[in-house]
Amino acid sequence: LTEHVGSPLELNKVQNNLLRLGIIILSPLTLLLLISRQIWIPLLYDYSFLTAASLLIWQFSGDILSIIRTSITSSLLTLERFWEININEFFYWFCWIVFMKILIPHLGILAVGVGYFLANLVLLPVVLIYHYRYLGYKLSKQSVYLLLKAIPFVSMGFWIANQKELNLVSI
């Protein structure tokens with residue numbers, strides 16, 4: 001990224017490549033981990049940890065949003081916009097804490113994962129608008145097409161992976 005600081009078009013290309021790479025790698029990997037959770041959770045931890053598996057869907061959904069957000073904000077470091085990085089992170093943590101505070105009485109420990117997902121969901125459009133308006137960031141056609149394909153398939157995959165009777169062990 002640092003070699004493209006003087007060229008906004010090249011920097012934009014790198015950001016779009018990071019975005020596509022993140023979606024292409026992370027989406028299938030998270031779905032595979034969710035579907036196979038009844039295998040790897042007991043192997044790595046214990047069978048008693050399977051009760052927390054419902055938290056994973058929110059954690060992994062938040063991870064996908066986080067990788068999209070990170071691919072866009074990666075330019076801030078190379079442009080030495082440290083205040084923007086700090087403000088972005090402050091609002092991210094603030095949103096996560098607020099969502100957890102609101103949701104804990106209703107969801108219990110699940111509020112941690114849901115709050116993580118919601119914090120990333122709220123900050124993603126803010127980051128996109130900021131980068132578009134002030135730094136000239138534009139999603140490439142390839143990135144838009146990939147997002148339009150990935151969103152319904154990943155959503156359906158997360159829904160299927162969250163079904164108790166549809167997992168790798170029972171298939």
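Visitor: Is asparagine 88 buried or exposed?
Guide: This is a predicted model, where local features need pLDDT of at least 70, side-chain atom pairs count only at pLDDT 80 or more, and totals for chains, interfaces and linings use all residues. Residues are numbered from 1 along each chain as its sequence is written, and side-chain values use heavy atoms, leaving out hydrogens and water. Asparagine 88 is buried, because its relative accessible area is 11% (buried means under 20%, exposed over 50%, partly exposed in between, with a 1.4 Å probe and protein chains only).

Visitor: Where does asparagine 88 sit, and which residues does it touch?
Guide: Asparagine 88 lies in helix 4, residues 82–107 (helices are DSSP runs of H or I, at least four residues, numbered from the N terminus). Leaving aside residues up to four places away in sequence, asparagine 88 touches Arg69, Thr73, Leu123 and Val127 (contact means heavy atoms within 4.5 Å).

Visitor: How should I read the span of helix 1?
Guide: The expected span is 1.5 Å times one less than the number of residues. Helix 1 (residues 8–35) has 28 residues and should span 40 Å, and its end C-alpha atoms are 40 Å apart, which agrees.

How values were computed: Helix = DSSP H or I, 4+ residues; strand = E, 2+ residues; numbered from the N terminus.
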